[in-house]
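Subject: Structure handover

Hello,

I am passing on the structure we spoke about. Please find it just below, followed by what was found in it.

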Amino acid sequence: MFPDEIVTPRLRLRALSREVVDPLDTYDYFGASRSDTIEEETKYVTWNPHETPKEAFDYFGEVSEAHEKGEKAGYAIFPREGEDGAGELAGTTGFDPEWDKRRAVFGLWLRKKYWGRGYSGERAAAFFAVVFDLLDLEVAYVAALPENDNSIRAIEKYVDRFGGQFDGHFRNDVVDMDGNPRDTRTYSVTREQWYDATGGEYDAEFHWEGRDE
């Protein structure tokens, strides 16, 4: 259903699994007691730092299973050769297709080391091509907490590039892992807007591999 690998000019997105990323090795990035930056990195997401290696192990398995079933696409992000940190896990990303609504919801988590490089927009450009051209969905949207200034700037930049719009500020739209309701700012791009902005053409180095028919 989903590509196993998506390659962009600077990134390689590989379907997240225990084979692609060893959860024990990467617990240093996800673990509450291991990473000095994890609290800052998860401040505006809806999941908490992992408390044990078992939690990381289970999470990777759940994401891999959902990807294989066509329920939710999940990827590990690796910078390509020539990038600082090439081959190292930079973060995770994915999209949640809502098939009945013919839309996809984007998500992203990046380690602090990789902030400010424009990876969010580069990954989004690839996802637009996948959800609109490959999966024939009609709308892609993304939501961010209003106080998450860095993410909002990145989102507004790539949404504007592809002809999309700000849809609104929604009160108590999501619930975080501690049970607290949070507001969101939501943005979207339609397939028609994406096609008008790109003509359906991808970046020269962009391609995907391993889609099961």
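Helices and strands here are DSSP runs, at least four residues of H or I for a helix and at least two of E for a strand, and they are numbered from the N terminus. Please keep in mind that this is a predicted model.

The second largest pocket

A helix, α3, gives the largest share of the lining of the second largest pocket, namely 3 residues. The lining is made up of 14 residues in total, and Asp4, Ala15, Ser64, His67 and Glu68 are the ones nearest the centre of the pocket. Two elements, β2 (11-15) and α3 (53-68), each give two or more residues to this lining. By kind, the lining residues divide into 6 charged, 5 nonpolar and 3 polar. The volume of the second largest pocket is about 240 Å³.

The sheet

An open sheet is formed by 9 strands, with mixed pairing, and the strand order is β7-β8-β6-β5-β4-β3-β2-β1-β9. The edges are held by β7 (165-175) and β9 (207-209); each has a single partner strand, so one side of each is left without a neighbour in the sheet. From one strand to the next, the twist averages 25°.

Helix α5 (residues 149-161) touches β5 (103-110), β6 (139-144), β7 and β8, and its direction makes about 20° with that of β8. Helix α6 (residues 191-198) touches β7 and β8, and its direction makes about 55° with that of β8.

Asparagine 172 lies in strand β7. Its phi is near 50°, a positive value in a residue other than glycine. Is asparagine 172 buried or exposed? The relative accessible area of asparagine 172 is 52%, and exposed means over 50%, so this residue counts as exposed.

Aspartate 136 is placed in the loop between α4 (119-134) and β6. The phi of aspartate 136 is near 60°, again a positive value in a residue other than glycine. With a relative accessible area of 40%, aspartate 136 is partly exposed, because that value falls between the 20% limit for buried and the 50% limit for exposed.

Regards

Conventions
Residues are numbered from 1 along each chain as its sequence is written. This is a predicted model: local features need pLDDT of at least 70, side-chain atom pairs count only at pLDDT 80 or more; totals for chains, interfaces and linings use all residues. Side-chain values use heavy atoms; hydrogens and water are left out. Two strands pair if DSSP finds at least two bridges between them. Axes are lines fitted to C-alpha atoms, for helices over the stretch in contact, and angles run from 0 to 180 degrees between N-to-C directions. Contact means heavy atoms within 4.5 Å. On a 1 Å grid over the protein atoms alone, a cavity is a set of points where a 1.4 Å probe fits but cannot get out, and a pocket is an open set with protein on both sides within 12 Å along at least five of seven lines; lining residues have an atom within 4 Å of a point. Grid points are joined across faces, edges and corners, and a volume is the space filled by probe spheres set on the points. Ala, Val, Leu, Ile, Met, Phe, Trp, Tyr, Cys and Pro count as nonpolar, Asp, Glu, Lys and Arg as charged, and the others, Gly among them, as polar. Buried means under 20% relative accessible area, exposed over 50%, partly exposed in between (1.4 Å probe, protein chains only).
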